[in-house]
Amino acid sequence: QSEEQHTMIVMNTPALQIPHPRMQEREFVLKPLAELNKELVHPLTNQTVQDMLKNLLNENSQSDGIEGSFTANNTKEEAVRVLPLPRNRMICFNETIIMGILNVTPDSFSDGGKHNKSI
């Protein structure tokens, strides 16, 4: 297999920052990204995704344990990897094969939060 070269885009405008400035603090970003390409280098920190994930997991294990998703009995919940299909079907996977993150927090929209009131 040939090793593909990936170039990470760097953008810093008032409307958009790529890569996300707190990407290294988010396990839900780093863990699947490491499964896709653990040797990918962050263009600003020069750390590999694998190193950023290890650092984050070490920090979280030393903290008070509040970080991450936990179930009602206080056990860590793993992300479920699914590929949605038509007619309410889906395929579950053991590994990440494609990655997408949908951010629907009010501050994520291009309207700057103008339309974030509940109806």
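**View 1. The β3–β4 hairpin in this predicted model**. Three-residue turn first: β3 and β4 make a hairpin with 3 residues between them, and Arg 87 in that turn has a positive phi of about 60 degrees. Strand β3 (residues 81-85) runs antiparallel to β4, with 5 bridges joining them; strands pair if DSSP finds at least two bridges between them. Val 82 has Cys 92 in β4 as its bridge partner. Strands here are DSSP runs (E, at least two residues) and helices are runs of H or I (at least four residues), numbered from the N terminus.

**View 2. A nonpolar surface patch**. Leu 83, Leu 85, Ile 91, Ile 97 and Ile 98 make up about 420 Å² of it. Patch members have over 30% relative accessible area and no salt bridge, with nonpolar side chains (Val, Leu, Ile, Met, Phe, Trp, Tyr) joined within 5 Å and like charges within 9 Å. A salt bridge puts a side-chain nitrogen of Lys or Arg within 4 Å of a carboxyl oxygen of Asp or Glu. Areas are Shrake-Rupley values with a 1.4 Å probe, and for residues only the protein chains shown count as cover. Ile 97 sits in the segment after β4 (89-93).

**View 3. Met 52 in helix α2**. Met 52 counts as buried, at 2% relative accessibility (buried is under 20% relative accessible area, exposed over 50%, partly exposed in between; 1.4 Å probe, protein chains only). Beyond its neighbours within four places in sequence, Met 52 is in contact (heavy atoms within 4.5 Å) with Met 23, Gln 24, Leu 30, His 42, Thr 45 and Gln 47.

Residues are numbered from 1 along each chain as its sequence is written, and side-chain values use heavy atoms, leaving out hydrogens and water. Local features need pLDDT of at least 70 and side-chain atom pairs 80 or more, while totals for chains, interfaces and linings use all residues.
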